[in-house]
Amino acid sequence: IDVEKMITKENLKEIKNYCYTKNGRLIKSKALDIYKKNSNATTKEILNILSLTEYALSKNNNELEKMVNSIIQTINDINKILREKNMVHCLTEDNNNDYMWNYYADMHKGFCIEYQFDNIENVDFESLENIQSLYMILYGDKKEYNIFSFFEQATKELILDDKSKKLFHGDIQLEFFKQLLTKKKEWEQQKEWRIIRTFNEKRLYDFNFISAIYLGMEIDESNKNLLINIAKEKSIKVYLQKYNTSRSKIVFEEYKI
């Protein structure tokens with residue numbers, strides 16, 4: 001998330017020069033004009049922000065800059081928390097996508113693990129929790145943030161001088177979470193799903209749903225043997241990737257363990 005593109009010093013300068021008198025008095029009509037031009041917020045939301053901002057500025061003409069800095073810091077903090085405290089495991093619906101094998105499996109030198117979720121009666125609780133944390137990726141343009149909700153909260157924080165109520169609350173977390181589940185349309189061929197979990201002490205989670213391992217046609221012999229031995233120990237099926245010349249397509253053949 002590029003915070004600097006969301007709120008820049010140029011934005012701040014423009015707001016100060018256009019929307020305020022030299023004495024720090026807010027000109028609401030001009031502020032409405034500039035905010036409407038750069039935001040999808042409603043008039044009611046904007047007026048609420050402007051009222052709070054006007055009150056803050058009546059105390060100190062430097063408060064506006066403090067509010068903007070507070071918003072930027074808050075967004076950075078939330079982004080950092082989400083990245084540092086959450087694990088993301090990416091999956092796909094398609095095990096025979098040539099693009100995925102080239103891009104993510106080193107030109108068919110890697111392998112693909114298949115998971116089956118149709119038999120969960122004998123699965124441990126932790127693995128079930130992982131299924132509950134499985135989300136389908138949405139493809140398209142990411143929804144713009146409503147900066148005014150951040151701005152309002154930052155203004156209240158400054159006016160009330162209440163540091164116990166930080167901006168890290170439910171609806172803002174949700175906005176960031178939506179960003180984690182949205183990718184550009186051009187990635188649609190990945191058919192991606194994600195498991196998103198907070199870190200535990202081990203930074204590992206059980207996920208006992210493996211049903212098969214698919215080995216790329218260019219896999220190194222030592223890696224191939226290692227995976228086959230693991231599959232034998234755990235009674236997991238193994239498939240070898242091959243190119244079928246007569247059908248001009250990549251197929252998988254089961255390896256008899």
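Asn 244 has Lys 249 as its bridge partner in S9. Helices (H or I, at least four residues) and strands (E, at least two) are DSSP runs, numbered from the N terminus. The model is predicted: local features need pLDDT of at least 70, side-chain atom pairs count only at pLDDT 80 or more, and totals for chains, interfaces and linings use all residues. Residues are numbered from 1 along each chain as its sequence is written, and side-chain values use heavy atoms, with hydrogens and water left out.

**Four-stranded sheet**
- Four strands make an open sheet with mixed pairing, in the order S2-S7-S8-S9. Two strands pair if DSSP finds at least two bridges between them.
- S2 and strand S9 (249-255) are the edge strands, and each pairs on one side only.
- Neighbouring strands here are turned by 30 degrees against each other on average, direction ignored. Axes are lines fitted to C-alpha atoms, for helices over the stretch in contact, and angles run from 0 to 180 degrees between N-to-C directions.
- S2 runs antiparallel to strand S7 (residues 210-215), and five bridges join them. Ile 113 has Ile 213 as its bridge partner in S7.
- Helix H10 (residues 221-234) packs on the sheet. H10 touches S2, S7, strand S8 (237-244) and S9; contact means heavy atoms within 4.5 Å. The direction of H10 makes about 160 degrees with that of S7.
- S8 and S9 run antiparallel, joined by seven bridges.
- The hairpin of S8 and S9 has four residues between the strands. In this hairpin, Ser 248 takes a positive phi near 55 degrees.

**Three-stranded sheet**
- Three strands form an open, antiparallel sheet in the order S1-S6-S3.
- S1 and strand S3 (134-136) are at the edges with a single partner strand each, so one side of each has no neighbour in the sheet.
- From one strand to the next, the twist averages 30 degrees.
- Seven bridges link S1 and S6 in the antiparallel sense. Met 87 has Arg 197 as its bridge partner in S6.

**Second largest pocket**
- The second largest pocket holds about 780 Å³ of space. On a 1 Å grid over the protein atoms alone, a pocket is an open set of points where a 1.4 Å probe fits, with protein on both sides within 12 Å along at least five of seven lines. Points are joined across faces, edges and corners, and the volume is the space filled by probe spheres set on them.
- The lining has 24 residues, each with an atom within 4 Å of a point. Cys 90, Leu 91, Thr 92, Cys 112 and Ile 113 lie nearest the centre.
- Strand S1 (86-92), helix H6 (98-104), strand S2 (111-115) and strand S6 (192-198) each give two or more residues to the lining. S2 gives the most, with five.

**Aromatic pairs**
- There are seven aromatic pairs in the structure. Rings of Phe, Tyr and Trp (its six-membered ring) pair if their centres lie within 6.5 Å; planes under 30 degrees apart count as stacked, over 60 as edge-to-face and the rest as tilted.
- Trp 101 and Phe 252 have ring centres 6.2 Å apart and planes at 40 degrees, so this pair is tilted.
- Trp 101 in helix H6 and Phe 252 in strand S9 are 151 residues apart, so to speak linking distant parts of the chain.
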